[in-house]
Amino acid sequence: MKTYTIYLFRHGLTKGNLNAQYIGHTDLPLTTDSISSLHSIKAKHHYPIVDAVFSSPLKRCKDSASIMFPKNNIIVINDFIEYDFGEFEGLTAKELEGNEDFQKWLRGDINTSAPFGESNAHFIERICNAFEKVVDGCVKTGTQTFAIVGHAGVLMTILSCFGIPEAPMAHWQMDAGYGYKLRITPSLWMQAKKLEVVDTSPISLTKENE
């Protein structure tokens with residue numbers, strides 16, 4: 001049976017990441033050091049050759065995707081945008097320590113949201129619906145290998161909702177420029193909306209040549 005391969009890669013770092021700020025919809029660029037780091041990862045390792053590349057609409061993802069996959073046109077999926085942190089946007093956990101709404105949000109209730117932000121439930125629903133449409137579209141068109149360059153929270157949500165082995169979001173943390181390789185078996189996908197996590201990625205050139 002024909003299988004499909006999908007790669008999930010986290011974007012490079014922004015100043016907001018380095019400052020430990022909650023950065024959702026703010027369209028920050030990659031830092032100069034992060035751009036250099038992505039080029040270094042690409043030189044030392046092997047980003048796969050893929051038929052299609054999907055990205056969040058934000059610059060940090062699109063620019064990372066262009067470095068990782070310079071030969072591909074980047075297909076923007078608006079619903080892959082990062083979480084909407086509302087009033088918490090641009091602030092750090094330390095700056096929000098005495099905020100009651102923040103403490104309530106941290107407890108992680110599925111329907112809780114930051115003031116004027118997005119609920120956890122809506123975020124999960126948005127990401128899962130967008131991911132299912134991308135996978136269904138690739139299977140329908142026979143697009144056998146594809147990649148998503150996205151935000152850590154978005155990719156961790158995909159892995160926790162669809163991945164086998166099943167594991168909570170925290171299990172799927174990834175460094176900037178790195179991610180996971182997944183295998184889609186159409187019968188398993190159609191029956192259970194599940195896919196197999198088979199390896200981390202990119203694969204080092206040394207490992208690939210062993």
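A pocket here is an open set of grid points with protein on both sides within 12 Å along at least five of seven lines, and its lining residues have an atom within 4 Å of a point. Keep in mind that this is a predicted model.

With that in hand, take the second largest pocket: its lining is made up of Lys42, His45, Tyr47, Pro48, Ile49, Val50, Met68, Phe69, Pro70, Lys71 and Asn72.

Now for the largest pocket. Its lining counts 24 residues, and Tyr22, Glu82, Phe85, Trp105 and Gly153 sit nearest the centre. Helix H1 (15-18), helix H4 (100-106), H5 and H6 each give two or more residues to that lining. Which of the elements gives the most to it? That's H6, with four residues.

| Pocket | Volume | Lining by class |
|---|---|---|
| Largest | about 710 Å³ | twelve nonpolar, nine polar, three charged residues |

The axes of H5 (residues 120-141) and H6 (residues 152-162) come within 10 Å and cross at roughly 75°, so the two helices are roughly perpendicular. On the H5 side, the contact uses Phe123, Ile124, Ile127, Cys128, Phe131 and Glu132; H6 brings Gly153, Val154, Thr157, Ile158, Cys161 and Phe162. Sorted by class, that contact holds nine nonpolar, two polar and one charged residues.

Note on methods:
Residues are numbered from 1 along each chain as its sequence is written. This is a predicted model: local features need pLDDT of at least 70, side-chain atom pairs count only at pLDDT 80 or more; totals for chains, interfaces and linings use all residues. Side-chain values use heavy atoms; hydrogens and water are left out. Axes are lines fitted to C-alpha atoms, for helices over the stretch in contact, and angles run from 0 to 180 degrees between N-to-C directions. Angles under 35 degrees count as roughly parallel, over 145 as roughly antiparallel, 65 to 115 as roughly perpendicular and the rest as oblique. Contact means heavy atoms within 4.5 Å. Ala, Val, Leu, Ile, Met, Phe, Trp, Tyr, Cys and Pro count as nonpolar, Asp, Glu, Lys and Arg as charged, and the others, Gly among them, as polar. On a 1 Å grid over the protein atoms alone, a cavity is a set of points where a 1.4 Å probe fits but cannot get out, and a pocket is an open set with protein on both sides within 12 Å along at least five of seven lines; lining residues have an atom within 4 Å of a point. Grid points are joined across faces, edges and corners, and a volume is the space filled by probe spheres set on the points.
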